[in-house]
Amino acid sequence: MTASTREEPPRSDLATGRRAAWRTVDLITAVMIGVAFGVAFIGWGQVYNVTTPLFAVLPPLSGLIGGFWWLPALVAMLVIRRPGAALLAELVAASVEPLLGGQWGISTLGSGLIQGLGVELGFLLFAYRRFTVVPAMIGGALAGLLETPYEWRLYYSEWAAPYAAIYAATMALSGALLGGLVAVALVKALAATGVLAPFPPGRQHAEQRRI
Amino acid sequence: MSEVGAAGLSIHQLSWRPHGRLRPTLQGVNLELRRGERVLLVGASGSGKSTLLRAMAGLLDDSVGEQGGQVRLGGGPPGRRAGQVGLMLQEPMHTIVAEYAGRDVAFGPENAQQPPPVIRERAAATLVAVHFPYSASHRSTELSGGQMQRLSLAGTLALDPDLLLLDEPTAMLDDRAGATVREAVRLAADQRGLTLVVVEHRLDGWLEICDRMVVLGPGGTVLADGPVHQVLRDQRDDLAAAGVWVPGEPAPVPLAPDWHDQGDWHDQTDWHNRSDWHDRTGLNDRAERTDRAERGDLTRRHRDATPAVPGSAAALQVKALSLAAPGREGRSRMLMRDLHISLAAGEALAVMGRSGSGKSTLLRTVAGFHPPIAGQVLLSGRPAEQLVREPRSLAAAVAWLPQHPDHLITDRSLYAEVMATSVKLYADRPALLEAARSRAERILVALGLWHLRDADPYQLSVGEQRRMGLAAVVLHSPRLLLLDEPTVGQDRHTWSAVVGVVRAIQAEGGAVLAATHDHLLADALDRTAWLTDDELPETSETSPDYEITEVIEPGGTPAARCNPMALLSIALGAAVGSFFIRDWEVGAFVLLLVAVLAPLAVRPSRSVFLRLIPVALAALTVGWSALVFSERGPFAPTAWPVAGREVLRICYLVVPGVLLVPSLPPSRLSDALAQRARLPHRPVVVASAALLRVQQVLDTWRQLAETRTIRGLHPGRSFPQRVRHVAALTFALLVWTFRSSQQMAVSMDARGFGGARRRTFALPSLWRPRDWICLAVAVLLLAAPIVLTSLHW
């Protein structure tokens, strides 16, 4: 075992080694999370189709499903637990989208950057030392709050301020629930399958199961 | 230890216990290898062979488990020098990192920061060494399994390893491809005096290459160790008991699961309507037929037991079928023409043919998922494409065991997984459901899975997953069972389970169609159909150009020849410029400018227009919302020109980027981002390796969805059901993603990526005069709206 140079004993819920020192498996997992969600988002198309008429009538409500789009960032951060994981996964997810014919072209890269940074901010508030539901929900909400002005300026610049405010509120709410809460549940379920063995959630799961 | 030379491998008291496991997977392993020795490492599934290989490569990660003892290679820990230990994995797709073959081989030397001319020279030399059939500019994702494995071998050899570890490198390949891979390994070992460690279940072909054989027991304990032929002679029975395929051994005795001893548990009469056994409609000249007259007694008895009923519909009829595989950019490849198959109830047919000859596509077509170019598929007399739209009828008629049984997993316990289809089919027939439950118990007992009934399917071993898959697909007695490579990479135990289940299904009157490379399996079935394929050469006669050069796709537009950074600047220029569009007239004018420049980036085609449809819809949505939610009030007369302007502005913002995306291949983009934009090398390289896998991830999603549909688990129309369905697919896709990411990481680290913070690149990302023109276009697209707006106001 590598000895920890820090004074406190290593915590099993944190990434091993220096947190800035990414292993290859951290990197490849972060980017593949981005690719997998990029593909899954197309599959979810058949579900949003149902919501389209509603959002066509009241576009600011479309923020209600916004949190979904930064799930890659949240899942990557909750699994890998290194600063930058959310940003990397979200940027890759945002690059997959135009490759697969996304409607917003490469301006999704800007969204990816902002959403990734928003999620990072949520975990930064806890000095990247807590990876629980609280920072996940805060990160999800912050991503929604930051994304709103970008989209307002870029796509919906004609909206009056109150509509933009509704959009911001729905985006933050969705970011916390559909993003943060769902991501925590998803990572827990993934840990139970054993595929997270190289990562802190997998390690924690293994330790808890051990008798 | 003194005997072991300076470059030998020495393992002393090695142990490995994954975190959270009580028992170690390896315990007290001692092994010494002399330099140049070639060792065949065999053992039962789960004896820790793969873990031992990773330990030999120095790739065991202490965040995953605890390692004890010592591994030394040439007097130090293994892997001190990048690529000192080469590792080949079972699934070749996991080792692909670059878009083109030459760059893929260059990956290791790039990590070792060798100078670009040296990298290119090495890559070319190793492609020669493995007799790679294509040029260095061939797409690495468009290769057969055997070719990919040889590319992976070349990537390993490019770092000049002392020790080469092979983790079942031919398990997924057909015989011929496997032989070419073994030959390439033998040649490399001869020429370079490599120390070789091979893990395989099937020993034939390796016995001639290796000189020593080590048999591992549970926990990695060494059961036998010595010259290959001596161990083979002394341990023959033990090896067979461990499930190892020893050449010359007779095929395993099929398991005889006796699960229908309780009488007819539901109406089977219609499945016994067999057509005459001897009326076997011949396959045509492309698919020669082989009669297997000398069948085992088991099937023969079943045949005689059931009287033939003339005139009834065959379980499967394939009539004049022609299939094509979808290719890149709409170019498709013909797989088979005018194929005829007729399969009576109770009959089993093996479909054999090389990788890429269309076996899997044939199965997908039979299940109704892949539209044929011509011809028809009838399942018990009904067209497959009609049946596929009725999930319950489809599930009752056809069952399908995919090649990767983990694609089948939908539930959190083995028992629920096996019952899933029956629960759907018999939702309103409690008596049948009860019968299915008792049948499930008998099947699980027969397959040795009953004690695991509450286990999480994901936590099972590969062999257990395959047996679970068999149970899950046959529980409801489908009329036709489709098996995709059911025995690939399996030990003798799983093999006998597969064949036993096939026989049991036949005995019930079900027909079986198995796509396979496995001659023993084909021998165990009634007939074999061969698919020929002459379009994929395994080796080539002429020597292709192995020099790594910048790859410009033929027929590309001028934009495809420009530096990706220059192209990105165009998209960025337009995006920023779009903010200065103040009225619809200016918007229309600058969009016209984009339309004029567009032919430099794309050739007008249907696919381009298809790509633009979602953009147009998005722009119209924005226009609509500008009309309704404007500060001027909903549908105000003054809001209309504003809405028009918004539509045009969004198009200007998005369209240039959309048009340029096809000209941004991952390889050149990552070269540019790392070398021109000076972004950190490791994330950029990994991201481009991941983008190569978009197609693979899409295919996996499709397979997951199809597997569910055919099991009768297709969602209904209701919104919650759809959400549950897509959520389950997303979860399964993520599990697959995590698994394959870990394999990819191992493979990349074995090629020296782990320590490569800065890398060199085989090709420079050049900035040429034409890139200045791109920059000028970027400035034009940025400035045009500004200038026009100021003139217009």
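This is a predicted model: local features need pLDDT of at least 70, side-chain atom pairs count only at pLDDT 80 or more; totals for chains, interfaces and linings use all residues.
**Entry 1: chain A, overall**

Residues are numbered from 1 along each chain as its sequence is written, and chains are lettered from A and ligands numbered from 1 in the order in which they are written.

I then looked up the box filled by the C-alpha atoms of chain A, which is roughly 60 × 30 × 30 Å along the principal axes. Chain A has 7 helices and 0 strands; helices (H or I, at least four residues) and strands (E, at least two) are DSSP runs, numbered from the N terminus.

**Entry 2: burial and contacts**

I found that 59% of the 211 residues in chain A are buried, that is, 20 or more other C-beta atoms, placed from the backbone, lie within 10 Å of their own. For contacts, I used C-beta atoms, placed from the backbone, within 7 Å. Of the contacts in chain A between residues at least 6 apart in sequence, 72% join residues at least 24 apart.

**Entry 3: the core**

I looked up the largest nonpolar core, which has 312 residues, with A:V31 and A:A76 touching the most other members. Such a core is a set of buried Ala, Val, Leu, Ile, Met, Phe, Trp, Tyr and Cys residues joined through C-beta atoms within 7 Å. Helix α20 (residues 639–660) of chain B gives the largest share of this core, 14 residues.

Leaving aside neighbours within four places in sequence, I found A:V31 in contact with A:L88, A:A89 and A:V92, and also with B:V686, B:A687 and B:A690.

**Entry 4: where the chains touch**

I recorded 55 residues of chain A in contact with 67 residues of chain B. On the chain B side, α24(B) supplies the largest share, 19 residues.

**Entry 5: a sheet in chain B**

I followed an open sheet of 6 strands with mixed pairing, in the order β5-β6-β7-β3-β8-β9 (chain B). Strands pair if DSSP finds at least two bridges between them. The edge strands, β5 (85–88) and β9 (222–227) of chain B, each pair on one side only.

Within chain B, β3 (residues 38–43) and β7 (residues 195–199) pair in the parallel sense over 4 bridges. I found B:V39 opposite B:V197 in β7(B).

Key:
A residue is buried if 20 or more other C-beta atoms lie within 10 Å of its own, exposed if 12 or fewer, and partly exposed in between; C-beta atoms are placed from the backbone. Two residues are in contact if their C-beta atoms, placed from the backbone, lie within 7 Å.
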